Amino acid sequence: VIAVVIAAGLLIGLLFLLIGSIMEFVLVESLRQEEVTVRQYWGERWRQGARLFGFRLVIGLLVFGSAAVVAVLFLLPVVVETGTGPGPSPGPGGLSIIGFLLLLPIVFVLALVVGLVNGFTTVFVVPIMILEDCGVLAGWRRLWPTITANPWQYLAYAVAGVILNILAGILVAIVVGVAGLVLLIPFGILGALGFFLLTVAELFGIGVLVVVGLLFGLSVLLVIALAQVPVVAYLRYYALLVLGDIESDLDLIPEQRAAVRADEG
């Protein structure tokens with residue numbers, strides 16, 4: 001049963017990763033065309049989305065495999081030591097802890113590199129794939145010369161992107177928190193009614209509580225989605241503007257850029 005649950009969880013996670021990868025192209029196309037047409041963009045870009053899914057899966061397996069190796073190197077000597085009995089032991093657990101601490105900087109650097117690769121793939125390579133109708137690796141081959149020629153501009157974007165994402169996360173959390181408190185008023189009243197019904201008709205009261213809980217959860221998810229729409233759109237437009245400023249041949253939104261420049265003027 002545990003194996004079935006784990007397998008089902010993995011399949012659902014992979015399905016969401018696949019859908020999310022395809023929707024990256026739907027999002028960028030929507031920003032580019034300034035029109036949301038999910039079915040059309042999905043039909044046009046699902047193959048590229050599948051390639052992005054495969055790339056993300058490989059990156060994820062790389063991180064998971066590295067973490068698993070570090071965990072095995074750390075835990076295995078400890079397990080061996082605890083299994084030697086109550087007598088004295090040479091202390092392989094202590095050596096494993098030292099090895100684990102020595103490996104931590106390598107794991108940190110790997111996580112940083114993977115995070116940059118995944119982030120740049122999402123915000124820069126996906127637009128290049130759309131613009132030049134190519135795959136992930138071809139998109140990276142097109143992007144890489146611009147990175148080596150303008151490393152400080154991409155580094156500045158990476159730092160600014162981290163700061164903007166943190167601020168955006170705080171803003172979304174505040175909006176969701178306030179909206180959640182507002183939603184607690186009507187749903188709290190309905191929940192109190194459900195608790196009252198428990199004393200009268202237990203099954204009916206349980207049903208009411210379940211429905212109220214589901215509706216409250218869906219309402220919160222809807223608020224989260226609505227709060228993230230302007231934030232995600234702003235961050236993606238910012239990345240597209242940066243890419244076009246660095247390399248004009250990779251400008252996916254020339255009309256929007258011209259409108260921004262006109263407003264600034």
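Counting salt bridges, each a side-chain nitrogen of Lys or Arg within 4 Å of a carboxyl oxygen of Asp or Glu, gives eight of them. The model behind this count is predicted, so to speak with some care about confidence: local features need pLDDT of at least 70, side-chain atom pairs count only at pLDDT 80 or more, and totals for chains, interfaces and linings use all residues. Residues are numbered from 1 along each chain as its sequence is written, and side-chain values use heavy atoms, with hydrogens and water left out.

One of the salt bridges joins Arg 56 to Glu 24, with 3.0 Å between the closest N and O atoms. The two partners sit 32 residues apart, Arg 56 in helix H2 (residues 38-82) and Glu 24 in helix H1, so this pair links distant parts of the chain; helices here are DSSP runs (H or I, at least four residues), numbered from the N terminus. Both Arg 56 and Glu 24 are buried, a word that stands for under 20% relative accessible area, with exposed meaning over 50% and partly exposed anything in between (1.4 Å probe, protein chains only). Glu 24 also meets Arg 236 in a salt bridge, at 2.6 Å from N to O. That pair again links distant parts of the chain, with Glu 24 in H1 and Arg 236 in helix H6 (residues 202-246), 212 residues apart. Arg 236 is buried, as is Glu 24. Elsewhere, salt bridges with shared partners tie Glu 29, Arg 32, Arg 45 and Asp 133 into one network.

Helix H1 itself covers residues 2-33, which makes 32 residues. From its first C-alpha to its last it reaches 46 Å, close to the 46 Å expected at 1.5 Å a residue (the expected span is 1.5 Å times one less than the number of residues). Besides Glu 24, the buried residues of H1 include Ile 22, Phe 25, Val 26, Val 28, Glu 29 and Leu 31.

Another salt bridge brings Arg 257 and Asp 251 together, their closest N and O atoms lying 2.8 Å apart. Arg 257 belongs to helix H7 (residues 254-264), and its relative accessible area is 9%, so it counts as buried. Asp 251 is buried too. The side chain of Arg 257 also reaches the backbone oxygen of Leu 240 at 3.3 Å. Setting aside neighbours within four places in sequence, Arg 257 is in contact (heavy atoms within 4.5 Å) with Leu 240, Leu 241, Gly 244, Asp 245 and Asp 251.

Then there are the rings. The structure holds seven aromatic pairs, where rings of Phe, Tyr and Trp (its six-membered ring) pair if their centres lie within 6.5 Å, and planes under 30 degrees apart count as stacked, over 60 as edge-to-face and the rest as tilted. Phe 124 and Tyr 154 have ring centres 5.4 Å apart and planes at 90 degrees, so they pair edge-to-face. Phe 124 lies in helix H3 (residues 92-132) and Tyr 154 in helix H5 (residues 151-200), so the pair ties together parts 30 residues apart in sequence. Phe 124 and Tyr 157 form a tilted pair, because their planes are at 55 degrees, with centres 5.0 Å apart. Tyr 157 is in H5 as well, 33 residues from Phe 124. Phe 124 is buried at 0% relative accessibility, and Tyr 157 is buried at 10%. Ring pairs link Phe 120, Phe 124, Tyr 154, Tyr 157 and Tyr 238 into a cluster.

Technical notes
Helix = DSSP H or I, 4+ residues; strand = E, 2+ residues; numbered from the N terminus. Polar contact = N/O pair within 3.5 Å; in protein donor to acceptor, adjacent residues only side chain to side chain.
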